[in-house]
Amino acid sequence: MLSKNIEYALNKQIRIEAESSQTYLSMACWAEVNGLEGISTFMNAQSDEERQHMLKLIKYVNDRGGHAKISELNAPKTEFDNFKNMFELLYKHELFVSESINELVRITFEEKDYSTHNFLQWYVAEQIEEESQAKTILDKINLIGDDKGGLYLFDRDIQMIASANSKTIV
């Protein structure tokens, strides 16, 4: 059984994962209307992945005797200055999600809920990967600079990253 405090914290994380999914879906839409099909494909895959993270949390809460609650979401940003700015926001968002997961882990230690602590280790490892991927993408974008040819190649390459990642979604 989950304590009310942990149930509340997990429901808060469910909302964060749902908002993450919506944020990346909004980024996908922006990229698509700006002719960046590869980036759009990547962001759509990221959106799907975040939804899967949310569903995994929902299942856990309900299986542990809690009640997963689907709440109202904040509307995501729909316009971006450029693709670099969008990926900078993605990176900052992943850092925020990592902080939230780490706070959940802290709460499980305080409450001595080792089952939930164990469950959250998957999210801890996932966030390490997400942060690393976002940082690597930003590094590549910084290498491109204002080179339009580089943007074309980046857009094509990131589509392949999305295809590779979609095969590993848990």
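Q: Which loop holds Lys112?
A: Lys112 sits in the loop between H3 and H4. Helices here are DSSP runs of H or I with at least four residues, strands are runs of E with at least two, and both are numbered from the N terminus. Before we go on: this is a predicted model, where local features need pLDDT of at least 70 and side-chain atom pairs count only at pLDDT 80 or more, while totals for chains, interfaces and linings use all residues. Residues are numbered from 1 along each chain as its sequence is written, and side-chain values use heavy atoms, with hydrogens and water left out.

Q: Is Lys112 buried or exposed?
A: The idea is a cut-off on relative accessible area: buried is under 20%, exposed is over 50%, and partly exposed is in between (1.4 Å probe, protein chains only). Lys112 has 59% relative accessibility, so it counts as exposed. Its phi is near 55°, a positive value in a residue other than glycine.

Q: What does His53 touch, leaving out residues up to four places away in sequence?
A: Contact means heavy atoms within 4.5 Å. With those residues left out, His53 touches Glu17, Trp122, Tyr123, Glu126 and Glu130. His53 is found in helix H2, and it counts as buried because its relative accessible area is 2%.

Q: And which residues is His117 in contact with, beyond its neighbours within four places in sequence?
A: For His117 they are Val105, Thr108 and Phe109. His117 lies in helix H4 (residues 114-144). At 17% relative accessibility, this histidine is buried too.

Q: How many aromatic pairs does a search of the whole structure find?
A: A pair of aromatic rings is described by the distance of the centres and the angle of the planes. Rings of Phe, Tyr and Trp (its six-membered ring) pair if their centres lie within 6.5 Å; planes under 30 degrees apart are stacked, over 60 edge-to-face, and the rest tilted. The search of the whole structure gives 7 aromatic pairs. One of them is Phe42 with Phe87, a tilted pair at 6.0 Å centre to centre with 40° between the planes. This pair links distant parts of the chain, with Phe42 in helix H2 (residues 37-63) and Phe87 in helix H3 (residues 83-110), 45 residues apart. Both Phe42 and Phe87 are buried. Phe119 and Tyr123 make another tilted pair, 5.6 Å centre to centre and 55° between the planes. They are 4 residues apart in helix H4, so about one helical turn separates them.

Q: Which residues do ring pairs link into a cluster?
A: The cluster is made of Phe42, Phe83, Phe87 and Phe154.

Q: Where does the charged end of Lys56 sit?
A: A charge sits over a ring if NZ of Lys or CZ of Arg is within 6 Å of the ring centre and within 35 degrees of the ring normal. Here the charged end of Lys56 is over the ring of Trp122, 3.6 Å from its centre.

Q: How much space lies in the largest pocket?
A: Rolling a probe the size of a water molecule over the atoms shows where empty space is left. On a 1 Å grid over the protein atoms alone, a pocket is an open set of points where a 1.4 Å probe fits, with protein on both sides within 12 Å along at least five of seven lines; lining residues have an atom within 4 Å of a point. Points are joined across faces, edges and corners, and the volume is the space filled by probe spheres set on them. The largest pocket holds about 240 Å³. Of its 14 lining residues, the closest to its centre are Asn82, Phe83, Gly145, Asp146 and Leu151.
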